[in-house]
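Reader: I would like a close look at one part of this model, the pockets and the parts of the chain that line them. Please take me through it carefully, with the cut-offs behind each term.

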Amino acid sequence: MHIWLSPEVAKVTAIAIHDRLLELMPQKKDKLDANLRQFEDKLAQTDKNLAKMLTPVRDRGYFVFHDAYGYFEKHFGLSPLGHFTVNPEIQPGAQRLHQIRTQLVEQKAVCVFAEPQFRPAVINAVAAGTKVRSGTLDPLGVGIALGKDSYGNFLTALSNQYVSCLK
């Protein structure tokens, strides 16, 4: 469950963290309240910007390496065709690869996405000889610097990764 890929869950989580910190540090109420408002405002603006960015590619089919993006895909109305594996440590079977290959050949997918930490050769092999592009999605935000805008920057980077392959 990659719940951090959901802006809705992130907002609920931020509120829960705020409330718990308020119990622990009531003397910091003004600062905690201001931080929560800032996070919510930034999240709302980022959400609006990303919805606009992703709208042109919403109907473009793709495959992801593993089943990790459901929250993000549902929130932004993207059109995944499926995933290679549920567990990235286990390679997909021959029947599953044949199904994916058939869809790629029939041009139902525009892109197949790998991940920086899992670059299986199986993706390249299945996509070979098709017009399908390959991209990389980073569900962990490895290159995102920590700071007050990290979450918004992470969502923006992930959206850019989708758009760069699906456009």
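Author: The lining of the largest pocket draws at least two residues from each of α1, α2 and α6, where helices are DSSP runs of H or I with at least four residues, strands are runs of E with at least two, and both are numbered from the N terminus. The model is a predicted one, in which local features need pLDDT of at least 70 and side-chain atom pairs count only at pLDDT 80 or more, while totals for chains, interfaces and linings use all residues. Residues are numbered from 1 along each chain as its sequence is written, and side-chain values use heavy atoms, with hydrogens and water left out.

A pocket here is an open set of points on a 1 Å grid over the protein atoms alone, where a 1.4 Å probe fits and protein lies on both sides within 12 Å along at least five of seven lines; its lining residues have an atom within 4 Å of a point. The largest pocket holds about 270 Å³ of space, a volume being the space filled by probe spheres set on the points, which are joined across faces, edges and corners. It is lined by 16 residues, of which A10, T13, A14, F39 and Y151 are the closest to its centre. Helix α1 gives the largest share of this lining, five residues. By class, the lining of the largest pocket has nine nonpolar, four polar and three charged residues, with Ala, Val, Leu, Ile, Met, Phe, Trp, Tyr, Cys and Pro counted as nonpolar, Asp, Glu, Lys and Arg as charged, and the others, Gly among them, as polar.

The second largest pocket, with about 160 Å³ of space, is lined by A14, I17, H18, L21, L32, N35, L36 and F39. Two or more of its lining residues come from each of α1 and α2, and the classes are six nonpolar, two polar and no charged residues.
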